[in-house]
Amino acid sequence: MEYIINSLERRIPNYIEGIGELKAYEGKSLKANQAGKLASKENADTASRKVVPSLREAVIRSGLKDGMRISFHHHLRNGDYVLNMVMDVIAGLGIKDITICASSLISAHEPLIGHIKNGVVTGIETSGIRGELAKEIVTNCILEKPVIFRSHGGRARAIENGEIKIDIAFIAASCCDEMGNMNGQKGKSAFGSMGYPMVDAYYADKVVAITDNLVEYPVYPVSIPQTVVDYVVVVDQIGNPEKISEGATRMTKNPQELVIAEYAGRVLIESGFVKQGFSFQAGSGGASLAVAKYLKEYMKDNGITGSFASGGITSYMVEMLEEGLFKALLDTQTFDCIAAKSLERNKNHIEMSASMYANPISKGCTAEKLDIMILSATEVDTSFNINAMTASTGVIMGAIGGHPDTAAGAKLTVCVTPLIRKRIPIIVDEVLTVITPGNVVDVVVTDRGIAVNPNNRELLEKLSQTDLPICTIEELKEMAEKITGKPEKIEFGEKIVGVIEYRDGTIIDVIRQVI
Amino acid sequence: MKRLRRTMLFCPATEPKLYINSLIYRPDCIIFDLEDAVTYSEKDSARDLLCEAVKAVDFGDVEVFARVNSLDSEFGITDVREVVKAGIRNIRLPMCESKEDVLKLDELLYEVEENNGIPAGTVKIQCAIETPKGVLNAYDIASACCRVIAISFGAEDFTRVLCTERTRDAKELYLARHYIPLAASAVGIDSIDTVWKDIDDMEGFRNEAREAKEIGFSGKSCIHPLQVKEVHKIYAPGEKEIEESKSIITAAEEAEKKGIGVILVNGKMVDAPIIAKANRILERAMQIR
């Protein structure tokens, strides 16, 4: 056996059978050697080294170089200042060829157009893109490489299984201490759950916390702990509070959406899934959220208490929790200020990471515990494939979100959509972009008819015995086209501007340039 | 079977999307409004739009009305000529005050029917009673001609002419709202209650609709799609009512076999009017389903 003397004068074998090669201690800081993952006694001064005076300093210390991948979260929604702030610093330092791996990109991130055009940003990985940025990418092809679109679960999977490596995660926090413990529940820019960066923080090489609310150690609750944070930067404002979270998510008054929601509510009830201990998730807007309204009335009338509601959490779901209609809320993303307050004070309102929410290769995700999922769509085709990403013009206008994750996981997946939107038929022969494959969609509910996926014979039989307007998906398509006519096909170029990754990492579709 | 006219959904004729979307709320009747909801400068284009929509949209079994402008206005007669030609078979006549008002439209319709090869008497009339004079002449209006299928009450103009305000407890409408269903019933036609203007006050709307049902109106005018569902709920016979009616009919059939005239069901006397009511409830329940 060969030995080496370590820096503490101890004889250490080079190799032990069954364990392998051993590396002798050299007296250096573990933190310095191991990418800042572990605190050690040598780092008694860590706190003073973690808090850096400026964002510029943090970017420099993090070692950001050309060609690296950096990550952001979109919990600040349209109020986000952080992504643009960081990108301006990076551009100012002359760094190029950066890939942005964001949980999603929204209208607030339009300044990225400039950074793409000047070569600072050359790659984008996200759940969605909106506004001018989307238009520039789809029609003007400002990015050489296609955007990689991942669902929330797919993103968590890709990060955790090493498929993508985040070099530096920039994490906005509305409350943070000098060691980097942080949450999104307190402070002037409170936004609620930190579900998305909870994944990034554990897998990025370097983690930079950015806060406008540095508080006395220790922060509580801890959504992301100090053990994974390298630097803390204090800025004046991480976002615009008015745009970060609105007062309450309003229940729609749109009568058309309410008709859809009422049909969907009846579908859920007739399906037999609305019973003691059932679990539920619905989108935050329009008809999806209104389904919860009809469900609420039925649950109250019949004394039904659900197990949990999950996903993006709105004030309406908080109301249902507080009225005892659900035992818990599992929250990856908090949609409004009432929900954010609830997360802060109610123990049954539980923060969860995007991985716990939807990662398909984790040892169990919440999406797979769901009984009922209500989804929306920009288009549905006669094979029940859903598009929630591109508009009927072919331009990207949405996000994958947890769409394919929850559709695959839930026992009953219901898609709600008007049959016609602004004189455009929504049920089509073939969707422009497949986000969620039709084999995981059980039923499509529109304002004029309901189509059950023939693969789900049991549901079809059940619903056919009711007075609900059940028809085939082809009949729905014909019904729409009878009113609107058949729209002309959009002209696409050959260039691929977006790649849609299914939750397992395989490519389910691509988005081409719109000419 | 008697046609249901529980809900008359008003839609401004100027809104293209309403021609397509109003159907999804499943009202019994839709009234495309060329009168009050349309500004002077849009009168012609609204009429054109309505005529084109009637030709293009399949309204299924929903009864479609056109609320035309007053026949004394510069638009009224053209409204009638054009919408009937386009396919409308029900006219709502505004501000109807006397039998003569109805007969004037009746005469015009005979002419329009003849000119367009439509069998005489096909086009029906709903008379809107919106003034105290109209209320006092309600029976004459209802019985003016066989085209009249319904009379409806309009409280806004009524209170204006009466020089009073419309209040939440509607004392000012008491006589008119009780008299109109009476007049309609005497002629054997339908009566439709006035609109409830405060869309956000659904409770107020429900109360007024419940009262309309109690005092004998066949249905209620609606100005918002969400009101349609509420009226249908109110006008639907309840499960208990249906079960009781079934028991009455069964008992009556058995009594008839035995030659008994008056019987007791659940301790209550049942005779011919009660049996007729039970039959009406079951018929309505079947229609709604």
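# Strands, sheets and cores in a predicted model

Me: Which strand of chain A does strand E9 pair with, and in what sense?

Reply: In this predicted model, strand E9 (residues 147-149) of chain A pairs with strand E30 (residues 492-501) of chain A in the parallel sense, over three bridges.

Me: What is the bridge partner of A:Phe149 in E30(A)?
Reply: The partner of A:Phe149 in that strand is A:Ile500.

Me: What holds strands of a sheet together in pairs?
Reply: Strands of a sheet pair through backbone hydrogen bonds, and the pairing is either parallel or antiparallel.

Me: How many strands form the open sheet of chain A, and in what order?
Reply: The open sheet of chain A has 10 strands, in the order E5-E15-E13-E10-E6-E7-E8-E9-E30-E31. Its pairing is mixed.

Me: Which are the edge strands?
Reply: They are strand E5 (51-52) and strand E31 (507-514) of chain A, each of which pairs on one side only.

Me: Which strands does helix H3 of chain A touch?
Reply: Helix H3 (residues 55-62) of chain A packs on the sheet and touches E5, strand E10 (168-173), strand E13 (206-211) and strand E15 (231-234) of chain A. The direction of helix H3 makes about 165° with that of E15(A).

Me: And what about helix H6 of chain A?
Reply: Helix H6 (residues 131-139) of chain A also packs on the sheet, where it touches E9, E30 and E31 of chain A. Its direction makes about 85° with that of E31(A).

Me: Changing topic, how many residues are in the largest nonpolar core?
Reply: That core has 223 residues, and those with the most contacts inside it are A:Ala264 and A:Val414. Its largest share, eight residues, comes from helix H10 (residues 255-271) of chain A.

Me: Which residues is A:Ala264 in contact with, leaving aside neighbours within four places in sequence?
Reply: A:Ala264 is in contact with A:Ala287, A:Val291, A:Ile374, A:Val414, A:Val416 and A:Val445.

Me: Which residues does the second core include?
Reply: This separate core of five residues includes B:Ile248, B:Ala252, B:Val270 and B:Ile275.

Me: How is chain B divided into domains?
Reply: Chain B has domain 1 (7-235) and domain 2 (239-288). The centres of these two domains, taken over C-alpha atoms, are separated by 34 Å.

Me: How many strands close into the barrel of chain B?
Reply: Eight strands close into the barrel, in the order E1-E2-E3-E4-E5-E6-E7-E8, with parallel pairing. The twist averages 25° from one strand to the next.

Me: How many bridges join strand E7 to strand E8 of chain B?
Reply: Two bridges join strand E7 (residues 190-193) to strand E8 (residues 219-222) of chain B. The bridge partner of B:Asp193 in E8(B) is B:Lys220.

Terms used. Residues are numbered from 1 along each chain as its sequence is written. Chains are lettered from A and ligands numbered from 1 in the order in which they are written. This is a predicted model: local features need pLDDT of at least 70, side-chain atom pairs count only at pLDDT 80 or more; totals for chains, interfaces and linings use all residues. Two strands pair if DSSP finds at least two bridges between them. Helices (H or I, at least four residues) and strands (E, at least two) are DSSP runs, numbered from the N terminus. Axes are lines fitted to C-alpha atoms, for helices over the stretch in contact, and angles run from 0 to 180 degrees between N-to-C directions. Two residues are in contact if their C-beta atoms, placed from the backbone, lie within 7 Å. A nonpolar core is a set of buried Ala, Val, Leu, Ile, Met, Phe, Trp, Tyr and Cys residues joined through C-beta atoms within 7 Å. A residue is buried if 20 or more other C-beta atoms lie within 10 Å of its own, exposed if 12 or fewer, and partly exposed in between; C-beta atoms are placed from the backbone. Domain bounds come from an automatic or database domain assignment.
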